[in-house]
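I opened my notebook beside the model and wrote down what I looked up, in the order in which I looked.

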Amino acid sequence: MTDPIADMLTRIRNALTAKHEKVEVPASVMKKAIANILLSEGYVKSVDFVDDGLSGKIVIGLKYAEGNKPVISGLKRVSKPGLRTYSGAADMPKVLGGLGTAIVSTSKGIMTDKQAKAANVGGEVLCFVW
């Protein structure tokens with residue numbers, strides 16, 4: 001697999017389309033950080049780590065609003081292995097005019113666009129969530 005983060009986002013997107021309660025993703029340090037950001041920003045209901053003796057699994061509990069409508073209406077991978085996308089602290093991208101969240105990999109760890117701007121650090125823009 002060349003892009004495990006895109007695979008994680010696609011699994012979440014497909015599970016939301018199929019109205020699943022939860023989705024399992026193979027674990028990695030970066031995926032755990034992204035899942036924790038989704039949890040802290042209120043896009044998912046729960047994040048659990050299951051140790052299976054290998055790399056482990058991340059079980060993400062999906063969140064739905066009234067009328068069984070998914071809370072996450074869009075997930076987009078920005079920086080791809082073939083074309084990396086970086087942004088400085090001053091020109092951090094805004095998702096839907098500030099309504100969405102950009103997840104950024106910085107030298108101080110993986111954080112949201114707002115946290116990166118507050119810490120005055122730039123980095124690789126991993127994905128957009130709205």
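The entries below go from the ground rules to the sheet, its helices, one further strand and a few backbone angles.

**Ground rules.** I am working with a predicted model, in which local features need pLDDT of at least 70 and side-chain atom pairs count only at pLDDT 80 or more, while totals for chains, interfaces and linings use all residues. Residues are numbered from 1 along each chain as its sequence is written, and side-chain values use heavy atoms, with hydrogens and water left out. For helices (H or I, at least four residues) and strands (E, at least two) I took the DSSP runs, numbered from the N terminus.

**The open sheet.** I found three strands in an open, antiparallel sheet with the order β1-β3-β2, counting two strands as paired if DSSP finds at least two bridges between them. The edge strands, β1 (22–26) and β2 (44–50), each pair on one side only, and the twist averages 20° from one strand to the next. I then followed β2 against β3 (residues 57–62), where the antiparallel pairing runs over six bridges and S46 stands opposite G61 of β3.

**Helices on the sheet.** I noted that α1 packs on the sheet and touches β1 and β3, its direction making about 165° with that of β1. Helix α2 (residues 29–40) also packs on the sheet, touching β1, β2 and β3, and its direction makes about 150° with that of β2. Contact here means heavy atoms within 4.5 Å, and the angles, which run from 0 to 180 degrees, are taken between N-to-C directions of axes fitted to C-alpha atoms, for helices over the stretch in contact.

**Helix α1.** I checked the length of α1 (residues 4–17): at 1.5 Å a residue its 14 residues should span 20 Å, and the end C-alpha atoms are 20 Å apart, which agrees; the expected span is 1.5 Å times one less than the number of residues. I5, M8, L9, I12, A15 and L16 are buried in α1, and seen down the axis these buried residues fall within an arc of 130°, so they line one face of the helix. The arc is that of the directions from the helix axis to the C-beta atoms, and buried means under 20% relative accessible area, exposed over 50% and partly exposed in between (1.4 Å probe, protein chains only). An α-helix has 3.6 residues a turn, so residues three or four places apart point the same way.

**Strand β8.** I turned to T101, which lies in β8 (residues 101–106) and counts as buried because its relative accessibility is 3%. Its side chain makes a polar contact with that of Y43 at 3.1 Å, a polar contact being a pair of N or O atoms within 3.5 Å, of which, within protein, one must be able to donate a hydrogen and the other to accept it, with residues adjacent in sequence counting only if both atoms are side-chain atoms. Both faces of β8 are covered, with T101, I103 and S105 buried on one side and A102, V104 and T106 on the other. β8 pairs with β10 in the antiparallel sense over six bridges, and A102 has F128 of β10 as its bridge partner. With β9 (residues 109–112), β8 forms a hairpin that leaves two residues between the strands.

**Positive phi.** Which residue with a positive phi follows α1? I found K19 there, with phi near 60°. N68 likewise has phi near 60° and, at 43% relative accessibility, counts as partly exposed.
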